[in-house]
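Me: I have a model open on my screen. Please show me how to read it, feature by feature.

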Amino acid sequence: MHRIAQGDQDAFRCFFDHYTPLLYTFVLRLTKSRSDAEEIVQDTFLKIWNHRESLPFIEKPGRYCYVIARNQALDYLRKAARDQHLLDQVWSRIAGEEDHSLEQELQAREYNRLIEEALHVLPEQKQLVFQLSRREGLSQLEIAEKLGLSKSRINNILVEVLQYVRTFLRQHSRLMALVFWITAWEYLFK
């Protein structure tokens, strides 16, 4: 690790060659996309190289790599949550579908229907806050200003809505609840 910290590219190449297959498999399980997994792993090693001066202080380099890769993958999933088209692709990959089949389209519609069904029973204010955050991409501060509520109240509403939707989806599909929960965290910390 000290050699890498000093800029030794050969040492970094050995480090890269050792951890790349492990990280790739890990990230592929999260994203279900080979190209996205490759990009995330590359970004992981780029980040490690750019912060190489801190490597001598890392006690467990493997764990360090996994944490960075996991965070990069979660960032990717959060980005997918903001981009509906990308989110549809992620959900279809997680469902194990490689092509744009009728089954994929029906499944995506069913997931969206379940989310809409969950939201429909909520009070109007909660529906509106979710709509402004999730679909219109407004920050909590922007929503608070628009609705005349405090930012902490908006945060509380979003937490309540996301927990309710997660529970609702869990009753209908454990996989959908996991995907929704991972992607929803982005909206709690805007």
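Me: What should I know before I start?

Reply: This is a predicted model: local features need pLDDT of at least 70, side-chain atom pairs count only at pLDDT 80 or more, and totals for chains, interfaces and linings use all residues. Residues are numbered from 1 along each chain as its sequence is written, and side-chain values use heavy atoms, with hydrogens and water left out.

Me: Where is confidence lowest, and where is it highest?

Reply: Read pLDDT, the predictor's confidence in each residue, from 0 to 100. The protein averages 78, and 74% of the residues score at least 70. Helix H10 (residues 174–188) is lowest, with a mean of 51. Helix H8 (residues 140–147) is highest, at 92. Over residues 185–190 the pLDDT is below 50, yet this stretch has 20 contacts in the model beyond near neighbours in sequence. A contact means heavy atoms within 4.5 Å.

Me: How many helices and strands are there?

Reply: Helices (H or I, at least four residues) and strands (E, at least two) are DSSP runs, numbered from the N terminus. Here there are 10 helices and zero strands.

Me: Which residues have the most contacts inside the largest nonpolar core?

Reply: In soluble globular proteins, nonpolar side chains tend to be buried together. A nonpolar core is a set of buried Ala, Val, Leu, Ile, Met, Phe, Trp, Tyr and Cys residues joined through side-chain atoms within 4.5 Å. Buried means under 20% relative accessible area, exposed over 50%, partly exposed in between (1.4 Å probe, protein chains only). The largest core has 22 residues; Ile4, Phe12, Phe15, Leu23, Val27, Phe45 and Ile48 have the most contacts inside it. Helices H2 (9–31), H3 (34–50) and H4 (61–82) each supply at least two of its residues. Another core, of 19 residues, lies apart from it and includes Leu119 and Val161.

Me: What does Phe12 touch?

Reply: Leaving out residues up to four places away in sequence, Phe12 touches Ile4, Phe45, Ile48 and Trp49.

Me: Are Cys14 and Cys65 buried or exposed?

Reply: Cys14 counts as exposed because its relative accessibility is 55%. Cys65 is buried, at 0%. A disulfide is a pair of cysteine sulfur atoms within 2.5 Å; by that rule there are zero.

Me: Which residues of H7 are buried?

Reply: They are Lys126, Val129, Phe130, Leu132, Ser133 and Arg134. Just after H7, Gly137 takes a positive phi of about 70°.
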